[in-house]
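Subject: Structure handover and notes

Hello,

Please find the structure below. My notes on it come after.

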Amino acid sequence: MRDFFYPKSVAVIGVSPRENNLARQIVRNLVEFDFQGIYYLVGPKGGVQFGRRIYRSVVDIPDRIDLAVILTPAATVPAIMEELGEKGVKRAIIETAGFTEKGEDGAAIAAEVIRVAKKNDIRFIGPNCIGVINRHNGLAVPFTYMKNVYRKGGVTIISQSGGVGISYLNELASESIGLNCFASVGNKMNVDENDLLEHFIEEENTEIICMYLEAISDGKRLMDIARRSKKPILLHKSNTGELGKRIAASHTASLSGDDDITDAALKQCGIARFYEPEQLVNYLKALPLPSIKGNRLGVISRSGGHAVIAADECEQQGFSLAPFDEQFIKEIESNFRASVIKLSNPLDLGDLFDMEVYDNIITRTLKEPNVDGVVFLHTYLSQTEGDASRQLINGVMHKAKEIGKPLTVYVATDHSEIAALKHDLEFPVFTDVEDAIRSIAMVRDFRERESMVETPPTIEMELDHERARAIIDSCKEKDRDPLLDEALEIFEAYGLPTLPSGYAQTEDEAVELAEKHGYPVVLKIIAPEVSHKSDLGGVQINLKSERGVRKAWNEMYDSILRSVPNAHIEGMMVQPMAKGGAEMILGGKKDRLFGPALMVGIGGVYVEVFRNVSIRVVPFSRDEACQMVDDLVISPILRGVRGQTPYDVNAFVDCIMRASRLMLDFPEILEFDANPIRVRPDGKGCVALDARIVLERT
């Protein structure tokens with residue numbers, strides 16, 4: 001991947017003397033950014049442009065070419081790729097559009113480009129992209145003419161959309177945040193975001209990686225790369241439609257859409273997701289600051305109103321305001337002209353007008369052992385205090401870096417002064433009080449999550465794989481999903497506890513099983529066409545006599561056949577009535593991007609009413625499974641709130657781990673759920689009362 005960003009020679013293919021020729025803009029950008037290599041112009045009609053010869057073919061260039069940038073009609077690209085192979089060019093950027101996004105004809109051209117590239121061992125970025133930029137060597141090949149207004153720095157941008165990528169570049173320029181590299185990947189026919197990400201987590205000039213993606217090429221690979229990264233990765237993932245709901249044969253499918261699983265996967269591997277440019281800018285401003293090691297802030301404000309706003313936002317973001325030493329407060333008050341303000345944290349310094357005293361107060365606050373970070377809110381008039389304020393801000397930011405604590409600075413002044421600050425200072429300034437505090441919170445939360453990211457260990461457990469395999473293979477041969485009794489047996493094989501139950505094909509058999517298990521009992525219909533049995537009258541509970549069982553049998557038959565006339569009723573499951581405990585749901589779903597994922601939540605008949613779930617991509621550690629439970633609003637009740645008896649969370653976590661192993665061992669499972677799982681009081685275990693498994697079938 002490095003060869004895409006550090007070529008010594010570049011051929012721009014598609015140049016012509018026409019005024020509206022876009023390839024000419026690529027050449028102009030190489031000049032504007034002062035490319036530190038050699039570039040050649042190529043176009044089928046030849047001629048001269050920018051005082052340089054236009055070669056009719058890349059083969060005619062007498063020198064070695066490291067990188068070719070192609071902007072010609074799509075139909076011409078396969079032949080050009082053949083010429084690159086003849087010339088020995090191994091890297092290309094295809095900016096041309098008109099491939100898979102243009103229907104069958106474009107797809108045929110795309111297939112030919114892939115074939116030729118593979119034959120000639122050429123790696124390429126694109127097509128349908130705007131190219132790359134390397135701010136450190138002046139490589140800049142977008143086909144839109146750009147001014148070199150970007151400070152050299154450590155932010156690298158990978159964007160599937162050229163337009164969105166340009167908007168991020170604009171944000172960097174307006175905030176004077178340093179750029180390292182930019183890559184627009186377009187259709188990702190050869191090089192994708194994972195290839196580039198893997199390069200940039202090791203590349204020496206990259207400090208932060210920002211990505212915009214409409215589609216993720218390989219979710220598992222993305223997670224593996226991100227887990228290895230020591231650099232922050234920020235991602236805006238759009239195109240969040242929940243395509244996975246088209247299956248919806250289980251509660252799991254309706255409760256966890258594609259984007260829910262994407263969100264869980266990104267958190268698991270330490271990628272920070274953002275949705276708006278403001279969030280991105282706040283991350284980019286705050287991430288280079290020293291990490292915050294605690295949760296106690298010191299707020300110093302020149303305005304009482306801003307101090308109140310800051311205190312409110314600190315509370316919103318879960319920060320505490322560090323108490324200041326009484327002697328420290330007295331030292332500050334000695335500088336006041338009048339004792340009209342009672343000092344605390346936030347410090348309201350509205351009666352102070354000495355920048356040197358501000359410097360001393362901020363520095364002293366940074367050094368306080370009970371202060372983990374500082375927010376400085378500075379209101380000033382640029383005409384009278386501009387120079388002194390700039391000197392103050394620059395000075396305290398350097399000191400904060402030396403001390404090793406984060407300091408964010410909010411400024412309220414005129415627009416031209418703010419623009420000058422952003423341009424001249426190497427440190428960020430904020431123009432919104434909430435953003436100055438929110439940015440520290442974002443980085444705090446990101447770093448906490450990042451520190452927990454680990455490669456999941458392989459956990460050994462006793463299970464009967466062959467028993468489960470035999471049932472699943474039998475169902476696949478019959479081209480159907482497991483029935484209720486079969487699904488419960490698969491759970492049993494993997495150590496998920498279930499109730500003793502029996503399968504009745506006649507009314508008399510149901511009565512015999514009920515008497516064997518002991519009243520009261522539950523009857524559940526078994527039919528391949530009936531997924532959500534309760535909704536259609538396919539479950540009756542608390543049956544206390546033979547008469548009740550017989551009545552329920554006939555009522556359930558009639559109810560199901562009225563609702564699903566073509567239902568093939570195999571029989572009924574008879575189970576003893578389970579009482580007590582908390583009803584939970586445990587479900588799994590095979591995601592098209594990240595593979596198997598597990599979901600836990602509040603279960604029972606209200607599962608889709610409360611819709612409170614926690615999701616993780618498999619595999620994960622037992623600690624992560626515990627965190628899944630703790631993420632739920634019901635967690636305090638499960639853990640035993642206000643002295644109440646806790647539920648057996650450990651047993652439930654064990655079920656989660658066994659279910660995750662089931663998903664890993666049987667990739668043909670598209671969905672499953674156990675709803676409800678009744679979690680009993682601590683030490684009493686838990687039991688799955690119902691099971692549903694959906695298989696991937698031809």
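This is a predicted model: local features need pLDDT of at least 70, side-chain atom pairs count only at pLDDT 80 or more; totals for chains, interfaces and linings use all residues.

Residues are numbered from 1 along each chain as its sequence is written, and side-chain values use heavy atoms, with hydrogens and water left out.

R273 sits in strand β14, residues 272–273. Helices (H or I, at least four residues) and strands (E, at least two) are DSSP runs, numbered from the N terminus. With a relative accessible area of 11%, R273 is buried; buried means under 20% relative accessible area, exposed over 50%, and partly exposed in between, using a 1.4 Å probe and protein chains only. D263 belongs to helix α9, residues 258–268, and is partly exposed at 23%.

The C-alpha atoms of D263 and R273 are separated by 7.8 Å, with the two residues ten apart along the chain. Leaving aside neighbours within four places in sequence, the residues in contact (heavy atoms within 4.5 Å) with R273 include L235, K237 and D259.

Helix α17

The buried residues of α17 are A468, I471, I472 and C475. Seen down the helix axis, they fall within an arc of 95° (taken from the directions from the axis to the C-beta atoms), so they line one face of α17. Elements covering these buried residues include α18 (484–493), β27 (669–679) and β29 (692–695). The face turned away from the buried side carries the exposed residues E466 and E477. Just after α17, D479 takes a positive phi of about 55°.

Cysteines

How many disulfides are there? The count is zero, where a disulfide is a pair of cysteine sulfur atoms within 2.5 Å. The closest cysteine sulfur to that of C686 is in C655, at 3.4 Å, which is too far for a bond. For C181 the closest is in C210, at 13 Å, also too far. C181 is buried at 0% relative accessibility, and C686 is buried at 6%.

Regards
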